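Have the model open and follow along.

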Amino acid sequence: METPISSVDSSPVTKEAKKRTKLQGMFNYPDGRNIREKHYPAGRNQWVTVFFNWADHQLDDEDLMDLVVARIVARDGIISSEPVHHDVKWCLSLRVPGYWNLSDIEIASTAKDIAKWYRSEIRHAGMQINRRYLFRRNNRRKMRHGVR
């Protein structure tokens with residue numbers, strides 16, 4: 001009996017692609033284990049990023065997500081095709097699935113609903129914001145280039 005031929009492209013996986021598949025997530029399970037973030041190819045998704053300041057650092061997780069919702073409603077953030085939170089500290093990016101060609105208003109509205117879902121998971125299921133990663137000391141990009 002012959003083995004069926006796979007229709008999957010067998011191109012080699014680069015080191016960068018391997019690194020991207022093991023991204024640290026912005027949220028933790030109730031026991032503190034990190035919920036890893038999957039790599040999503042560029043162009044298929046939009047990311048809404050909200051930035052934080054020193055005063056925001058003192059808020060608890062639920063209030064921090066309330067702040068994310070408020071900043072999205074106020075259009076105080078950015079929309080991009082890649083998550084910003086891996087390269088810039090003190091920000092949180094929420095993935096908006098790119099199944100359709102959404103307008104900026106629709107992307108922001110969807111991101112608001114996603115942020116409300118995370119807030120609900122924090123409140124009722126014990127999910128936690130990964131504060132160590134969110135409020136990290138140095139930007140990842142700077143550390144890659146040896147600047148501290």
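Start at Thr49, whose bridge partner in strand β5 is Ser93. (Strands here are DSSP runs of E with at least two residues, helices are runs of H or I with at least four residues, and both are numbered from the N terminus.) Strand β3 (residues 45–51) has 5 of its 7 residues buried, where buried means under 20% relative accessible area, exposed over 50%, and partly exposed in between, using a 1.4 Å probe and protein chains only. β3 and β5 (residues 91–97) run antiparallel and are joined by 7 bridges; two strands count as paired if DSSP finds at least two bridges between them. β3 also runs antiparallel to β4 (residues 78–80), with 3 bridges joining them. There, Trp47 has Ser80 as its bridge partner.

Before going on, know what you're looking at: this is a predicted model, where local features need pLDDT of at least 70, side-chain atom pairs count only at pLDDT 80 or more, and totals for chains, interfaces and linings use all residues. Residues are numbered from 1 along each chain as its sequence is written, and side-chain values use heavy atoms, with hydrogens and water left out.

Now find the open sheet of 3 strands, ordered β2-β1-β6 with antiparallel pairing. Its edge strands, β2 (34–37) and β6 (128–129), each pair on one side only. β1 (residues 23–28) pairs with β2 over 3 bridges, and Phe27 stands opposite Ile35 of β2.

Next, the aromatic rings. Rings of Phe, Tyr and Trp (its six-membered ring) pair if their centres lie within 6.5 Å; planes under 30 degrees apart count as stacked, over 60 as edge-to-face and the rest as tilted. That rule gives 5 aromatic pairs. In one of them, the rings of Phe27 and Tyr118 have centres 4.0 Å apart and planes at 5°, so they are stacked. This pair links distant parts of the chain, since Phe27 is in β1 and Tyr118 is in helix α3 (residues 104–125), 91 residues apart. Phe27 is buried, at 6% relative accessible area. Elsewhere, ring pairs tie Phe52, Trp54, Trp90 and Phe135 into a cluster.

What about the backbone at Trp90? Its phi is near 60°, a positive value in a residue other than glycine. Most residues other than glycine have a negative phi. Trp90 sits in the loop between β4 and β5 and is buried, at 15%. Arg75 also has a phi near 60°; this residue lies in the loop between α2 (61–73) and β4 and is partly exposed, at 47%.
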